[in-house]
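Visitor: Hi, I have a few quick questions about this one. Can you walk me through it?

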Amino acid sequence: MFSILEDMFFSAIAAIGFASISNTPFSAIRYCALLAAVGHSLRYVLMGCFDVHIIVAATVAATAIGVLAIPLGPKAKCPPETFSYPALLPMIPGMYAYRAVQGLVMCLSSSSEEAFKHYFYLMNYNGLTCIIVVAGMVVGVTLPIFVFKRISFSATRGGAED
Amino acid sequence: MTTMTKNVDCCSQSDTHDQLKEKCRFLANYAAELLGCGATCIRIEKNVRRMAQTFGVNVEMTLLPSHVIVVVWDADYTHSYNCQAKPVGEAINFQRNIELSKLSWRVVEERLSCSRAVELYGKVLSLPRLNKWLVLLLTSLANASFCRLFGGDFYAVGVVFCATLLGFLVKQIMLEDKIDLRITTVASAFVASVVGASGHLFGISDTPELALGTSVLFLIPGIPYINAGSDLFAGHYLCSFSRFMQAVLLTICLSLGLCGGMFLMQMKFF
Amino acid sequence: MHLVITWIFVIGIVIIGILFRFIAKFNSGTNHYNFIGFSGGEDAFETDDDDNDDEER
């Protein structure tokens, strides 16, 4: 339980920081933090407790973020993607990308066929996992915006101040 | 009589031309600004069409990766004006995205004239970004949290905090000096990875490889990847591909900087 | 040991470079920093070049 709370806390902080790079206003940043906490902890629970593969877990978590962002959009008077996109950033699988690059460098500098095959396998496995996880996350977060078009594109209605 | 009618016709044609020109220029610059601040193509289209409908004109838009071409026709398709605009800035700016979207709804709900819309548009453009020191601190905290999420111990988190602080500061300074973003990314990744390698070098952490690995993650262009996905769904394949390639290029630059730092510090890959 | 020296050298150059830049900016009297990544301060509305516009059809 404590580890889930810790996961939520740190992913919220990560989302706040990455959202500030994209100049998200403070009124939207708290929703970023909330969505990131929910999404990342959901992925953590799915992978840890239910042994779900990272690809499926990340897609489900991203879909949850995407769906939750839709009703929050009109509430915050912001387009849903302004807080769902930064909320996704803590879930990007950096380690798989590094191992893929490591595999690429090692297989190019290997001398025997066996070593090459081994590193080539590592590069492909990690590279493909990384690419498909990111693709799954992008699909998961973007699909709700297109499904709930009317709400997504009228979120900023009535929110302008002089 | 005939001469007077001719004069009246000329005046009204010139008025129509001026009005169309004003609306076209505004819509083109609005669309270009939204494109530059990282909005998805479908949002740009919907916002522009919404405002064009309120202004009583018909609009056709072509969204290209670095340009926007807008053609505005009057209500009965007898006169048109077209305009091309190029985004000025390329940094993602969600606040501007939000305010411009709000502006488009305001135009519809309050039935604003084009000149009033231009005035409000100017006000949105003059809104300042978040304080750069606050962004520096928040980003460093974010990347440090990232390290913790990957399972790093608290010493590794501290190393990553310092690495991000210095790396992001280098990035901010280089971007202020208008140095190309790709070179900036390489340099920033190099600095961050050299600091990140201090976990290995000074033996201050139990998970030094995580510190090294996460020290450059603040440079990953996550939003362009997601925007590329959204543009793909909406059928804007050119913009999608362009954004995707830009993000891939930045990722490659990041990797180059990381490899450079690891090579200099003679770190073996983990 | 030489790796530690290399590390100190690289970080030292970066920090000294940053300090020099701040001092230079402070001395030149400009305390205004351009915003991150935002190239240029010209009003986007004015970038339109009328010469590029097609004539009215």
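**The second largest pocket**

Guide: H6(A) gives the most to the lining of the second largest pocket, with 11 residues. Helices here are DSSP runs of H or I, at least four residues, numbered from the N terminus. A pocket is an open set of points on a 1 Å grid over the protein atoms alone, where a 1.4 Å probe fits, with protein on both sides within 12 Å along at least five of seven lines; lining residues have an atom within 4 Å of a point. This is a predicted model, with local features needing pLDDT of at least 70 and side-chain atom pairs 80 or more, while totals for chains, interfaces and linings use all residues. Residues are numbered from 1 along each chain, chains are lettered from A, and side-chain values use heavy atoms, without hydrogens and water.

Visitor: How many residues line the second largest pocket, and which lie nearest its centre?

Guide: The lining has 41 residues, with Cys130(A), Ile131(A), Val134(A), Tyr225(B) and Thr251(B) nearest the centre.

Visitor: Where does the charged end of Lys46(B) sit?

Guide: Over the ring of Phe153(A), 5.3 Å from its centre. That call needs NZ of Lys or CZ of Arg within 6 Å of the ring centre and within 35 degrees of the ring normal. Arg99(A) has its charged end over the ring of Tyr96(A), 5.8 Å from the centre.

Key:
Helices (H or I, at least four residues) and strands (E, at least two) are DSSP runs, numbered from the N terminus.
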